[in-house]
Amino acid sequence: MVQFQSSNQNLIDFSQRSLYISALSIAFNPTFWNIVARREYHGKTLTRLFNGNSQRACYALALTIFSLGLFRDFLFERALRHQPPSPTLSQPFIPPLAYALIVCGNILVLSSTYALGITGTYLGDYFGILMDEPVTSFPFNVTGAPMYYGSTMSFLGTALLYGRPAGVLLTVEVLLVYWVALSYEDPFTSEIYAKRERERNAGKKTK
């Protein structure tokens with residue numbers, strides 16, 4: 001049994017399979033949707049499966065991503081239940097902080113979904129479903145990636161609520177995975193809209 005120890009207190013039980021399963025799920029989800037979305041953009045893979053209906057294909061991907069997210073959250077909470085609690089995370093101020101993180105995180109996620117809509121939230125750009133204008137209202141005037149940072153805050157809040165250091169470690173993984181995803185998604189999405197502008201400008205010149 002391999003464990004991380006500090007001050008004779010077992011903080012993280014690395015012998016638990018549920019910890020690794022949760023970590024794999026956290027890494028898998030953004031990897032999955034980025035691969036699928038790029039295949040769709042370059043080859044219309046999902047659109048062809050839905051007889052050329054890009055709107056339905058995007059909704060199908062949205063449902064898949066949402067379901068995978070629920071399953072990831074289930075695996076995360078199961079992993080926390082298998083981990084030892086920490087007295088350090090049992091201080092009186094921890095529960096209010098945890099709930100504040102969860103509430104604020106969900107506000108960022110839900111308000112982002114409301115502002116973007118389903119297709120804007122779930123990679124509609126890759127299906128050719130582009131927004132007319134960039135969204136600059138809340139929560140995008142707070143952060144450029146409210147879905148990702150809001151989700152990270154919710155993970156951290158849940159980890160603190162359970163009082164499990166393992167949850168904090170998994171939250172660090174969540175943040176790192178999202179940063180990697182953003183490093184691929186932001187430039188690619190920017191190029192999609194830049195291409196539309198180039199095509200629009202080219203169309204104006206031919207008139």
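Author: A salt bridge here is a side-chain nitrogen of Lys or Arg within 4 Å of a carboxyl oxygen of Asp or Glu. The model is predicted, so local features need pLDDT of at least 70 and side-chain atom pairs count only at pLDDT 80 or more, while totals for chains, interfaces and linings use all residues. Residues are numbered from 1 along each chain as its sequence is written, and side-chain values use heavy atoms, with hydrogens and water left out.

Reader: How many salt bridges does a search of the whole structure find?
Author: One of them joins Glu191 and Arg198 at 2.5 Å, N to O. Another pairs Arg72 with Asp73, with the closest N and O atoms 3.2 Å apart. The search of the whole structure gives a total of four.

Reader: Is Arg72 buried or exposed?
Author: Buried means under 20% relative accessible area, exposed over 50%, and partly exposed in between, with a 1.4 Å probe and protein chains only. Arg72 has a relative accessible area of 11%, so Arg72 is buried.

Reader: Which residues are linked in a network of salt bridges?
Author: Start from the bridge between Glu197 and Arg196, whose closest N and O atoms are 3.8 Å apart. Glu197 is partly exposed at 35%, whereas Arg196 is buried at 14%. The linked residues are Arg196, Glu197 and Arg200.

Reader: How many disulfides does a search of the whole structure find?
Author: A disulfide would need a pair of cysteine sulfur atoms within 2.5 Å. Among the cysteines, Cys58 is buried at 0% relative accessible area, and Cys104 is partly exposed at 37%. The number of disulfides found is zero.

Reader: What kind of aromatic pair do Tyr41 and Phe188 form?
Author: Rings of Phe, Tyr and Trp (its six-membered ring) pair if their centres lie within 6.5 Å; planes under 30 degrees apart count as stacked, over 60 as edge-to-face and the rest as tilted. The structure holds seven such pairs. Tyr41 and Phe188 have 5.2 Å centre to centre and 80 degrees between the planes, so by the cut-offs the pair is edge-to-face.

Reader: How many residues apart in sequence are the parts that this pair ties together?
Author: Helices (H or I, at least four residues) and strands (E, at least two) are DSSP runs, numbered from the N terminus. Tyr41 lies in helix 1 and Phe188 in helix 6, so the separation in sequence is 147 residues.

Reader: And what kind of pair do the rings of Phe71 and Phe74 make?
Author: The ring centres of Phe71 and Phe74 are 6.3 Å apart and the planes are at 20 degrees, so the pair is stacked.

Reader: Which helix holds both Phe71 and Phe74?
Author: Phe71 is partly exposed at 47% relative accessibility, and Phe74 is partly exposed at 44%. Phe71 and Phe74 are three residues apart, about one turn of the helix, and that helix is helix 3.

Reader: Which residues form one aromatic cluster?
Author: The pairs number seven in the structure. The members of the cluster are Trp33, Tyr148 and Tyr178.
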